[in-house]
Amino acid sequence: MRRTASPLSLILLGLGTFLLVLAPLLAWYVAPRAAVNPIDIDTTAVYRGTGSVFDTERIETVSGQRITITQRVRGNVDDSERSGNAVWDVTTTVDTDKSLPAADPHDALLFTPHRWVMDRRTTKPVHCCEETPYIEGEAYLKFPFDVQKRSYQWWDNTLGGTVVLRYQGTKKIQGYTGYRFTGTVPPTKAGSRLVPGSIVDEPDRPQVLAEEWYSNHGIELVVDQATGRVIYAQIGPKRTLRAPGAKKDAAVLLDSRKIAFTTDTQKEAVRQAEQDSRQLRLVSATLPIGAAVAGFVLAVVGGVLVARGRRPDSTDTVVTPEPSLTM
């Protein structure tokens, strides 16, 4: 008898071999290419809190105001495809109840448009595509994929520079656990602004190029470990004016100890983080492990069936009994 393979055994062996080859491809080739920053993003994050705001009509700082910060992020698909990077256009508005709702974001208390360009895989800033300002650091609107338990250089757009955010353990947001990072910004000169001299205690001068100073009482970000998505953000901005060369603040433009993601923004951020993390786990762990286990089992079963398969061979001698003669 000569060993031969049945069709079923060959199918099982071939399928098992295919799955064994597929498993490392999913883990080492497909998974890294799935962890990319989108180019068609369109999200809105809303922060709320209370604090002091400079009233331009009353020409004085008014305390106890409800402050709303709205940050809209839209991906520029055309520029992203041409450059191979993620090109995100960002608008940030700061409002009080007095300026909300606003038909035009330019009517806000503060309106800041800018563009962030980043490498789709590493999230590192890329300086092209009419990027403005010149953004640096390791993280801004999001962190890199596979966030580590270490400090990160976070870009603060108001400061126009980076801030060290230190890892502070984990924290649950809407029932979802993320990595917590915190930092502060000491009073720093952030620019200048032409204002009436009376605002900065120089009433004899009609216009003064005042110094604009910025600090932050506290920054807290909670980040999804797998995707780097920010699921909670809290800031404590303070913006003041000083006369040129002065050592003390003359006017407070904005001051709040806590402005944070609204509940709706937290829930949406957590929903997206769970969805994106689930997809990454699927291609980086679940599918490769499943393919490896199934491939091993099928290959073993197919190999056993091939080893046991037999059928008569035409070259074998077949002995048939001679007919007996009966009387």
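Q: Contact means heavy atoms within 4.5 Å. So which residues is Leu254 in contact with, leaving aside its neighbours within four places in sequence?
A: Ser52, Val53, Ile67, Val94, Pro237, Lys238 and Arg239. A caution on the source: this is a predicted model, where local features need pLDDT of at least 70 and side-chain atom pairs count only at pLDDT 80 or more, while totals for chains, interfaces and linings use all residues. Residues are numbered from 1 along each chain as its sequence is written, and side-chain values use heavy atoms, with hydrogens and water left out.

Q: Where is the place of Leu254?
A: Leu254 is in strand E12. Strands (E, at least two residues) and helices (H or I, at least four) are DSSP runs, numbered from the N terminus.

Q: Does Leu254 count as buried or exposed?
A: Buried, at 5% relative accessibility. The cut-offs, with a 1.4 Å probe and protein chains only: buried is under 20% relative accessible area, exposed is over 50%, and partly exposed is in between.

Q: How many residues apart in sequence are Leu254 and Lys238, and how far apart in space?
A: They are 16 residues apart in sequence. In space it is 5.4 Å, C-alpha to C-alpha.

Q: Zoom out. What does the secondary structure of the chain come to?
A: Three helices and 13 strands. The chain has 327 residues, and 40% of them are buried.

Q: What share of contacts between residues at least 6 apart joins residues at least 24 apart?
A: That share is 59%.

Q: And what does the accessible surface come to?
A: About 18,400 Å². Carbon and sulfur atoms account for 55% of it. The areas come from the Shrake-Rupley method with a 1.4 Å probe; for residues, only the protein chains shown count as cover.

Q: New topic. How many aromatic pairs does the structure hold?
A: Eight. Rings of Phe, Tyr and Trp (its six-membered ring) pair if their centres lie within 6.5 Å; planes under 30 degrees apart are stacked, over 60 edge-to-face, and the rest tilted. One of the pairs is Phe143 with Tyr152, edge-to-face at 5.2 Å centre to centre and 65° between the planes. Both residues of that pair, Phe143 and Tyr152, are buried.

Q: Why is the pair of Tyr152 and Phe181 edge-to-face?
A: Because the planes of Tyr152 and Phe181 are at 85°, with the ring centres 5.6 Å apart. That pair links distant parts of the chain: Tyr152 is in strand E6 (residues 152–156) and Phe181 in strand E8 (residues 176–195), 29 residues apart. Tyr152 and Phe181 are both buried.

Q: Which residues do ring pairs link into a cluster?
A: Phe143, Tyr152, Tyr167, Tyr179 and Phe181.

Q: What sits over the ring of Tyr152?
A: The charged end of Arg150, 3.9 Å from the ring centre. The charged end of Arg242 sits over the ring of Trp213, 3.7 Å from its centre. A charge counts as over a ring if NZ of Lys or CZ of Arg is within 6 Å of the ring centre and within 35 degrees of the ring normal.

Q: Now Arg115. Is it buried or exposed?
A: Arg115 is buried, with a relative accessible area of 9%. Arg115 lies in strand E5 (residues 110–118).

Q: What lies 2.8 Å from a polar atom of the Arg115 side chain?
A: The backbone oxygen of Cys129.

Q: How many disulfides does a search of the whole structure find?
A: Zero, where a disulfide is a pair of cysteine sulfur atoms within 2.5 Å. Cys128 is partly exposed at 24% relative accessible area. Cys129 is partly exposed too, at 22%.

Q: What kind of peptide bond joins Thr132 and Pro133?
A: A cis one, with omega about -5°. Pro133 lies in the loop between E5 and E6. Most peptide bonds are trans, and most residues other than glycine have a negative phi.

Q: What is phi of Thr123?
A: Near 70°, a positive value. Thr123 is in the loop between E5 and E6, and Thr123 is buried at 0% relative accessible area.

Q: And Gln174, where does that lie?
A: In the loop between strand E7 (161–173) and E8. Gln174 has a positive phi of about 50°. Gln174 is partly exposed, with a relative accessible area of 41%.

Terms used
Polar contact = N/O pair within 3.5 Å; in protein donor to acceptor, adjacent residues only side chain to side chain.
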